[in-house]
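Please open the model in your viewer with the sequence panel beside it. The stops below are given in the order in which they may be selected.

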Amino acid sequence: MIETIAEHLTLEQAHRVGVVTIDRPDARNAMTFDMYDGLHDLCERLDADASVRVVILRGAGDTAFVSGTDIRQFQTFKTKEDALGYEARISRVLNRIAGMRKPTLAMIQGDAVGGGLFMSLACDLRLAADHARFGAPIARTLGNFAAPASLALLVATVGPIRAREMVITARLIDAVEARAMGLVDQVHPGAELETRARELAVRVAEHAPLTLAAVKEATRRYIAGVAPTDLEDLILSCYLSEDFHEGVRAFLEKRKPDWKGR
């Protein structure tokens, strides 16, 4: 069953996987301010929903994953507050996606450019169709600046030199090169992408949720420059859990663990 969450935003839940669709294919899934706010709130909801273990983020159609912000949103920009408020809104959404305790998977069935690229990088896993393209062509299009959270995600993914080259040249990168440079994890024919993405999500949903949450948080801290020794709380969240003892018992009894997330 597909639930309409807000304008151009839907949710499907099955097999402990939540599939979030940016549903505006006639505009290449461009985001309005209301859509950004709705996506943030939906991430909050899914993170609190114990029945969901993995989240897939996708765009409708096969032309674009997300093409960034709808340019019409910028027509009234005149003040410092307009500019900084917009970048704060983008950072808020990207940080919420990246900060989810549950694994997130970007199903990139078309071009991921500008804000769409950064939204995909905020996810933990990225699967792309072989015809998808990637880029941050802001120097060629609007002449704006990428939000700090956006640049941080790009630099953490491909390194500062490649990130700078991508923005300066404003070129679009094909799926093969994107995989080679770490922008995506897997590339599949377009007709197979959804099946592969859902299969992977269901498989990950069977894994220990506390371990996944701890690894996600540890990675976030590494990217933020937190000392590797500052992970005691994450270590204890796993070893002192009911799930850890269940995992030990299940291994010794040669059966599949029944993870509870506590």
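Select α1 (33–48), which lies across β1, β2, β3 and β4 and runs at about 20° to β2. Contact here means heavy atoms within 4.5 Å, and axes are lines fitted to C-alpha atoms, for helices over the stretch in contact, with angles from 0 to 180 degrees between N-to-C directions. Helices (H or I, at least four residues) and strands (E, at least two) are DSSP runs, numbered from the N terminus. This is a predicted model, in which local features need pLDDT of at least 70 and side-chain atom pairs count only at pLDDT 80 or more, while totals for chains, interfaces and linings use all residues. Residues are numbered from 1 along each chain as its sequence is written, and side-chain values use heavy atoms, with hydrogens and water left out.

Next, select the seven strands of the open sheet, whose order is β1-β2-β3-β4-β6-β8-β11 with mixed pairing. Two strands pair if DSSP finds at least two bridges between them. The edge strands are β1 (2–6) and β11 (186–188), each pairing on one side only. From one strand to the next, the twist averages 25°.

**From β2 to β3, and the loops**

Select β2 (9–14) and β3 (17–22). These two strands run antiparallel and are joined by six bridges; L11 stands opposite V20 in β3.

Move to H15, in the loop between β2 and β3. Its phi is near 55°, a positive value in a residue other than glycine. Is H15 buried or exposed? With a relative accessible area of 64%, H15 is exposed; the term applies over 50%, buried means under 20%, and partly exposed lies in between (1.4 Å probe, protein chains only).

Select R28 in the loop between β3 and α1. R28 likewise has a positive phi near 55°, and at 33% relative accessibility it counts as partly exposed.

**Strand β6**

Select β6 (residues 104–108), in which five of five residues are buried. On one side are T104, A106 and I108, and on the other L105 and M107; both faces are covered. In a regular strand the side chains alternate between the two faces of the sheet.

Strand β4 (residues 54–59) runs parallel to β6 and is joined to it by four bridges, with L105 as the bridge partner of I56. Strand β8 (residues 125–129) also runs parallel to β6, again over four bridges, and here A128 is the bridge partner of I108.

**The four-stranded sheet**

Which strands form the open sheet of four? Select β5, β7, β9 and β10, which follow the order β5-β7-β9-β10 with mixed pairing. β5 (64–66) and β10 (173–174) stand at the edges with a single partner strand each, so one side of each is left without a neighbour in the sheet.

Inside this sheet, β7 (residues 111–113) and β9 (residues 133–135) pair in the parallel sense over two bridges.

**The nonpolar cores**

Select L39, F134, L154 and L183, the residues with the most contacts inside the largest nonpolar core, which has 52 residues. Such a core is a set of buried Ala, Val, Leu, Ile, Met, Phe, Trp, Tyr and Cys residues joined through side-chain atoms within 4.5 Å. Its largest share, seven residues, comes from α1. Another core, of 15 residues, lies apart from it and includes M107, A129, L200 and A201.

Return to L154 and display its surroundings. Leaving aside neighbours within four places in sequence, its contacts include L117, F118, L121 and L183.

**S241 and α10**

Select S241 in the loop between α9 (232–239) and α10 (242–252). At a relative accessible area of 5%, S241 is buried. A polar atom of its side chain lies 2.6 Å from the backbone oxygen of C238. Not counting residues up to four places away in sequence, S241 touches L210, L236 and R262.

Continue into α10, where D243, E246, G247 and A250 are buried. They cover an arc of only 105° around the axis, which puts them on the same side of α10; the arc is that of the directions from the helix axis to the C-beta atoms. The buried residues of α10 pack against α8 (209–223).

Terms used. Polar contact = N/O pair within 3.5 Å; in protein donor to acceptor, adjacent residues only side chain to side chain.
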